[in-house]
Amino acid sequence: MRVETVGDGPAQIAVIGGIHGDEPCGVHAVETLLEAEPDLERAVKFIVANEEAIEADTRYVEEDLNRAFPGDPDGDTHERRLAHRLSQEVADCQILALHSTQSYGGKFALVDRVHEFERRVCPHLSVDAVVETCDFKEGRLFEVSRRLVEVECGYQRSETAAENAVDITREFLAATGALPETVAPTADGGTEERPIYRLTEPMPKAAADAYEVFATNFARVTAGQTYAAADEREYVAEEPFYPILLSAYGYEDVFGYAANRVGTMEM
Ligand SMILES: [Zn+2]
């Protein structure tokens, strides 16, 4: 793990890239900001988390770091021990964690619930949507701090995701008072409100050789609609829902998550 603190005083803001070793956008953002040597008004910790997985160009070495929090200094796996060290670094911080997906080309934020912190920070971010994770926090960085915004910056390994990660980092630093405020961003499409979704359940997938998904992320699936397949088996929605993080191969045991739309956030 690489940790570089920029600015004076104890850092209460953290930007983390490389929680997943095969998502280079966050590492790019951290390195870009460090090279730019911005004049920060508050101290910020810039962190590249799982250097071993990045080096191996794989999501993780022994287990998914974002399922290993809060971690354990004597844990059995590299990621469990790393999760503990990272937790120690950021426990008192307002945190931005940068990710990318196989499921969606745009930017969206994952938060605990939309409370004061989220209402203050998220309107500064040029994201298409805000997603409340609620009951789906087990092992994730949310176990360490609820003052956390995870941003999915676009498709894994895409140049767009790398550029988006830099923009989101600057916006987050402005939202937390570390950088001067710039022009307020508009969400893609130029709307002044963004939808808030709430995860309700995972969409499990059976072991199979080949997977397909037929639904579009954030587009409502209606009851009776076939949204995915595992080999010959088809998955049909019993009730309407909004798919989030839905992809054929993004996760080992789930297609993604079902969500409800629960409101909007004003910019
Ligand atoms: Zn990730």
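The conversation below sets values from this model against the definitions of the terms.

Modeller: This is a predicted model, in which local features need pLDDT of at least 70, side-chain atom pairs count only at pLDDT 80 or more, and totals for chains, interfaces and linings use all residues. Residues are numbered from 1 along each chain as its sequence is written, and side-chain values use heavy atoms, with hydrogens and water left out.

Colleague: Which residues of helix 1 are called buried, and what does the word require?

Modeller: Buried means under 20% relative accessible area, exposed means over 50%, and partly exposed lies in between (1.4 Å probe, protein chains only). In helix 1 the buried residues are C25, G26, V27, A29, V30, L33 and L34.

Colleague: Why is the contact of R2 with E4 called a salt bridge?

Modeller: The term requires a side-chain nitrogen of Lys or Arg within 4 Å of a carboxyl oxygen of Asp or Glu. The closest N and O atoms of R2 and E4 are 3.0 Å apart, so the pair qualifies. R2 has a relative accessible area of 28% and is therefore partly exposed; E4, at 33%, is partly exposed as well. R2 and E4 also belong to a network of salt bridges with E31. The structure holds 13 salt bridges.

Colleague: What makes the salt bridge of E23 and R59 a tie between separate parts of the chain?

Modeller: The side chains of E23 and R59 meet at 3.3 Å, N to O. E23 lies in the loop between strand 2 (13-17) and helix 1, and R59 in the loop between helix 2 (51-56) and helix 3 (78-90), so the pair ties together parts that are 36 residues apart in sequence. Both E23 and R59 are buried.

Colleague: Are R80 and E63, which form another salt bridge, buried or partly exposed?

Modeller: The side chains of R80 and E63 meet at 2.7 Å, N to O. This pair links distant parts of the chain, with R80 in helix 3 and E63 in the loop between helix 2 and helix 3, 17 residues apart. R80 has a relative accessible area of 30% and is therefore partly exposed, whereas E63, at 17%, counts as buried.

Colleague: Which atoms coordinate the zinc ion, and why is its site called irregular?

Modeller: Donors are N, O and S atoms within 2.8 Å of the metal (3.2 Å for Na, K and Ca); water is not among the atoms, so sites may look incomplete. The zinc ion is coordinated by H20 (ND1), E23 (OE), E23 (OE) and H99 (ND1), at 2.1 to 2.4 Å. Four donors count as tetrahedral if all angles lie between 85 and 135 degrees; four count as square planar and six as octahedral if opposite donors are over 155 degrees apart and all others between 65 and 115; anything else is irregular. The angles among the four donor atoms run from 56 to 154°, so the site is irregular. The donor residues are spaced H-x2-E-x75-H in sequence. H20 lies in the loop between strand 2 and helix 1, and H99 in strand 4 (residues 94-101), 79 residues away. H20 and H99 are both buried.

Colleague: What makes strand 1 and strand 12 edges of their sheet?

Modeller: Two strands pair if DSSP finds at least two bridges between them. The open sheet of 10 strands has the order 1-3-2-4-7-5-6-8-13-12, with mixed pairing. Strand 1 (2-6) and strand 12 (242-244) each have a single partner strand, so one side of each is left without a neighbour in the sheet.

Colleague: How do you know that strand 5 and strand 7 pair?

Modeller: Three bridges join strand 5 (residues 108-111) to strand 7 (residues 148-155), and at least two are required, so the two strands pair; they run antiparallel. F108 stands opposite E152 in strand 7.

Methods
Helices (H or I, at least four residues) and strands (E, at least two) are DSSP runs, numbered from the N terminus.
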